[in-house]
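Please consult the display below while reading.

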Amino acid sequence: MAATPTLPSRARAVVIGGGVIGTSVAYHLAELGWTDVVLLERDRVTSGTTWHAAGLMVTFGSTSETSTEFRKYTRDLYSRLEAETGQSTGFLPVGFIEVAADEGRLEEYRRVSAFNRYCGVDVHEISPAEVGRMFPIARTDDLLAGFYVAEDGRANPVDVTMALAKGARMKGATVLEGVPVTAVTTKDGAVTGVETPYGSIECEVVVNCAGMWARQLAEQNGVNVPLQAAEHYYLITEEFEGIDKSFPVLEDPANYGYFREEGGGLMVGLFEAVCAPWKVEGIPSDASFLELPPDWDRMGPYLEAAMSRVPISGEVGIRKFFCGPESFTPDLQPVVGEAPEVRGYFVAAGLNSIGILTGGGMGRAVAEWVVTGSPTVDVTGFNIDRLHTYQRNPEYRATRTVESLGLVYATHYPDKQLKTARGAKLSPLHERLAAQRAWFRDVSGWENPGWYAPEGVEPVAGDPTWGRPSWWQYWEAEHHAARNDVILMDMSFMSKFLVQGKDAGRRLDWISAAAVDRAPGRITYTQWLDEGGRLQADLTVAKLDDERYWVVASDTAHRHVETHLKRAFDGYHAFATDVTGAYAQINIQGPRSRELLQQVTTADVSHEAFPFRTAREIDLGFARVLCIRITYVGELGYELYVPAEQAVHVYDRLVAAGASVGLRHAGTKSLASLRMEKGYRDYGHDIDNTDTVLEAGLGFAVALDKPGGFVGRDAVLAQKEAGPLRKRLVQVLVEDPEPLMFHAEVLRRDGVPLGYIRAASYGFTLGGAVGLAMVEADVPVDDEWIAAGSWTVEIADRQWPARVSLAPLYDPANEKIRR
């Protein structure tokens, strides 16, 4: 009979789950000096999904700097853990090859390779013949190229986890098996401890690393973790001659498969395009070392396609066709960070089959977040607060997960849209916009027009491409309409909050770097910072009166901003109400927007009566509309906030009047190209939580002299007084009009890589691809230094001359928006 576990009465942090992520978090917490850490595993370490992982250790493939750094650190960690702990990780740097058999993947991998090399991954493009020499049992006749990293390879998932657990113990942490957490206790919205069948542990921090059980555990405390388990497969052949452990790992995404040696045979792993969710109703709490019956009929075609790359795999016997559960998230990004719902409740789950190859980096990042109180890497893409509660509904999870797993091996074309779980949120104008031939895209769950087809043409996107899509001319026409006439754009997806209370202005002014609590009837562009002066949000605050404010942020920042507001207001007479769905947002932008607006209201909207940054309620037909003169496209324009029940009425009035001024509907593709020409920032895309407000070029929006200061003021002042910046966001324009930029293209000055394109679009007015890049140098980054250099952008396998500027290349004096 097993001995009853003895639990400490108190710990600084409790980590829940003994897989690779949980043990890595515990290891790194202890390494950072938090030795009073307890890891609780309900059964045995690795018994969830870690035990059946394939163990690929690959640094190639991501265009996220954070993810690539996670991979590099993880590979290095696995290579040194044995010397530190005496426990092998089974890491074998046998090399890794990704093969491209079509032009789309060739273009993608060349783009990825350029970025990965910038990040320090030594990837080389090799010929099909070289692929054949390195992996002689592979068929190479249809290949265009391979991409090879000699230092990558494979590890043993169980050994890795055991080594991390041993390392955690050696550094002072406690690891207990056979102790399920039955509840996380809270008081006043903060963690107070955990309960188990063997007693309770008092703590202020828990880290939910429960893998495919993470959602169910989190739900007990109202924490939103919308992940879902799905069937995940690999096949192991019988032993055969001609293969050994020195073979590199080979991936062939076009045929859904990866290959590595296993026990003298071959492992054939699969990422099928259409997968099967498992146990949508909930994972059994007592399930361990799960093995599911394989669905041969469903998987047969995928298995056949994969085996076609290595024909001998279909000729030798099958030792095992394994099916086990693995969890996936709605956007194929991990669920990481402090939960909006409960202070001190951290989550690190939903790794989407890359837990082994990012586990070390992820564990370190979470541990640093817990210890310092702020993330030390860019987390905007995987922060838990990006996700919405409806995404954990059973029907949503069942529907979206079917597609999620296959995205791992899909070609990641720009503008590629998910097809499942659509229609979750509709603007009040949806039917009207559909009648205007809108092509809808998923914008944080909202169906929103990306562009509009002309009359008589169906809005069909056509085949995905790295070049100019079939709808390029429609996008271009919308862009020019905004620059020359007037456009109407539905932006109801923007996050909108009504902030009220006697302390509302004072608290908003404290968390805002700009002075937002001034005279009523004005909108202020501002950032929210952490104590280090780093960005936490980028938004607008309009003061309606002394106790009412209108806060608007991007769609992706919705719950992030909401959480920030509520925590800042705790204990004060200040209240934030989410009114996103209660109001449509109709933007009219362009030189003729005032002419249009004046036709439909009795309010005086002349420049003198309604200057830039005015926020005022006006009449528009039968509706009362909050009208704000502001722009995100670089032209004269207005944002109209309309009660949802009157949105169609207002829209109809605008369209009817618009016929006389050349009104054109425009989608978010135009929004992207217009704002990028103007150099307007987008938090989570071209600026993030690792950038200071000064580095992001937003110092003009900071009120260092306002009474009472603001969060992060001391850090901003210190950086300003330290002298010229050596890290700054710049605008980049490719001088040749032909090549296109999307993200992660490497920027060079005099041949030296100094940064990469964080976000990009096409500048139809400027005449080329345009983007924003954060440049870091060992000298001050100023206009003189920029002008003295020769700049290029690496796009796939070519260098293109570029123009670089600190100031916006379009209307740098802001004349157009103030006319």
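A polar contact is a pair of N or O atoms within 3.5 Å; within protein, one must be able to donate a hydrogen and the other to accept it, and residues adjacent in sequence count only if both atoms are side-chain atoms. The side chain of threonine 329 reaches the backbone oxygen of glutamine 333 at 2.7 Å. The model is predicted: local features need pLDDT of at least 70, side-chain atom pairs count only at pLDDT 80 or more, and totals for chains, interfaces and linings use all residues. Residues are numbered from 1 along each chain as its sequence is written, and side-chain values use heavy atoms, with hydrogens and water left out.

Threonine 329 is buried at 1% relative accessibility (buried means under 20% relative accessible area, exposed over 50%, partly exposed in between; 1.4 Å probe, protein chains only). Its contacts (heavy atoms within 4.5 Å) include Pro226, Arg386 and Ser404, not counting residues up to four places away in sequence.

The whole structure holds 57 salt bridges, each a side-chain nitrogen of Lys or Arg within 4 Å of a carboxyl oxygen of Asp or Glu.

| Pair | N to O distance |
|---|---|
| Aspartate 102 and arginine 105 | 3.2 Å |
| Arginine 400 and aspartate 442 | 3.6 Å |
| Arginine 624 and glutamate 617 | 3.0 Å |

Arginine 105 is buried at 10%, whereas aspartate 102 is partly exposed at 24%. Arginine 400 is buried at 4%, and aspartate 442 is partly exposed at 22%. A network of salt bridges links Arg139, Asp141, Asp142, Asp252 and Arg309.
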